[in-house]
Amino acid sequence: MTDAHDPHRTAATPAPHRTAGDPPDLLLVGVGTMGRPYLDAAARLGVRVRAVESAAAWDSRPTHLAASFHRVEGHGDEAWVGAVARAAAERAPDGLIAFAEPHVLAGALTQERLGLPGPSLHAAVISRNKALQRATFAAYGVSQPEHLHVAGIADGAAWMQGRLPVVVKPLTLAGSEGVELVRDAAGVDEAVARRAGEGPVLVEEAVQGPEYSWEALVRDGEVLFENVTAKDTTSPPYFVELAHRCGHAFAPGPDARVRELTRGVLTAIGMRTGLVHLEFKVGARGPALMEVAVRTPGDYLPDAIGLTYGFDVYEAVVRLALGLPLPDLPKAPVRHAATVFPTAAPGTIREIRGVAEVEAHPAVVRVRLRKTAGDTVRPLTSSSQRMGHVLVDAASPAEREDALAFVRENLRVLVEPN
């Protein structure tokens with residue numbers, strides 16, 4: 001009898017017999033494109049991988065990199081929870097990695113049930129909802145913006161009017177989706193009218209200052225490795241990220257406050273083991289937490305972090321998930337990497353120039369564009385609308401800046417306005 005959710009699986013197939021000589025079994029929840037380095041890292045370590053993949057990415061799944069794939073029909077937590085539970089029931093894995101935001105809760109449930117290394121069910125649940133984060137961090141005294149959780153944006157109109165400018169955020173989306181700055185009273189009225197049917201949202205104080213992220217590898221609550229990434233974003237109201245520079249160093253005073261913030265977040269969410277990514281701004285009152293995630297950060301940050309510090313982040317996460325020994329992890333950068341995201345005015349792409357020149361630059365590792373001539377460029381309101389990325393690796397911060405300037409000057413997207 002064929003399993004309706006996975007045509008490559010048979011419902012009556014018994015769990016295979018495990019012997020002492022079998023390689024470790026890793027269950028990777030979500031692969032897509034950015035998750036494939038986990039499969040490469042597992043292969044280097046001699047680890048057997050099974051993957052749970054969405055129907056949308058099913059046809060492009062890398063069948064040569066995993067022993068088997070389990071298909072997910074649907075997009076919600078329930079669909080992922082069901083698929084991961086079936087995969088674990090068929091064969092209990094030795095470790096599990098939940099790749100992206102939609103996979104975190106399904107992965108944590110199985111990690112908790114089987115006693116596998118993971119962030120903790122508490123951390124996973126808190127990380128999936130911005131209102132839960134705000135309530136938890138308030139209880140633990142973590143520095144964050146003033147905020148209000150409302151059932152609908154209209155319920156927060158008076159609060160917003162008294163604290164302008166403010167930021168409106170959906171509770172569960174990622175990648176800047178639905179995040180916007182409201183500057184004035186007219187903007188409040190416009191946002192209330194436009195987002196009236198959206199449901200619960202978070203409205204909060206707009207912290208004025210530069211934006212950063214913190215990425216860390218944690219084992220049993222102990223930070224084994226940490227990195228600060230400095231960000232460039234679009235101007236308000238949407239704050240879409242345009243560049244990430246890894247290996248940022250604060251002066252001793254601000255560094256101590258950032259350390260206090262990050263450790264406070266780990267304590268508040270009950271973080272155990274895995275990869276953590278949190279975003280914060282440094283305003284007039286010091287660092288303030290924006291949000292936290294207990295999964296792989298997007299925008300190819302692990303690639304840039306690995307180049308900056310000289311080790312494979314994906315392999316380290318696989319080792320953590322399986323309880324394997326880790327080598328000593330670096331404390332300081334050895335290189336200076338960044339990711340940058342080309343932009344263009346809205347319209348129809350007529351031509352993209354300079355790709356070969358940029359690829360030939362000695363500091364450019366790769367150029368990946370998701371759009372080509374004839375495609376439409378929409379106004380940039382979320383990271384999902386960006387056209388692709390360029391990964392840069394330089395010997396010094398100055399050389400990195402030169403490379404980023406070269407990319408921006410030479411990679412030209414010619415657009416016909418619609």
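## Contact of α1 with α10

In this predicted model, Pro 37, Tyr 38, Ala 41 and Arg 44 of α1 are in contact (heavy atoms within 4.5 Å) with Tyr 314, Glu 315, Val 317 and Val 318 of α10. Six of the residues in this contact are nonpolar, two are charged and none is polar; Ala, Val, Leu, Ile, Met, Phe, Trp, Tyr, Cys and Pro count as nonpolar, Asp, Glu, Lys and Arg as charged, and the others, Gly among them, as polar.

## Packing geometry

Helix α1 covers residues 36-44 and helix α10 residues 313-322; the two pack at an angle of about 65 degrees, with axes 8 Å apart. The two helices are therefore roughly perpendicular (65 to 115 degrees), and their crossing is right-handed.

## Nonpolar cores

The largest nonpolar core holds 37 residues. Such a core is a set of buried (under 20% relative accessible area, 1.4 Å probe, protein chains only) Ala, Val, Leu, Ile, Met, Phe, Trp, Tyr and Cys residues joined through side-chain atoms within 4.5 Å. Leu 26, Tyr 38, Val 49, Ile 97, Leu 217 and Phe 311 have the most contacts inside this core. Two or more residues each come from β3 (25-29), α1, β4 (48-54), β12 (222-233), α9 (301-309) and α10. The most come from α10, which gives eight.

Phe 311 touches Leu 217, Phe 225, Gly 306, Ala 316, Leu 329 and Pro 330, leaving aside residues up to four places away in sequence. A second, separate core has 28 residues, including Val 258, Ala 268, Val 276 and Val 294.

## Basis

Residues are numbered from 1 along each chain as its sequence is written, and side-chain values use heavy atoms, without hydrogens and water. Local features need pLDDT of at least 70 and side-chain atom pairs count only at pLDDT 80 or more, while totals for chains, interfaces and linings use all residues.

Notes: Axes are lines fitted to C-alpha atoms, for helices over the stretch in contact, and angles run from 0 to 180 degrees between N-to-C directions. Helices (H or I, at least four residues) and strands (E, at least two) are DSSP runs, numbered from the N terminus. Angles under 35 degrees count as roughly parallel, over 145 as roughly antiparallel, 65 to 115 as roughly perpendicular and the rest as oblique. A crossing is left-handed if the near helix is turned anticlockwise from the far one by less than a right angle, and right-handed if clockwise. Buried means under 20% relative accessible area, exposed over 50%, partly exposed in between (1.4 Å probe, protein chains only).
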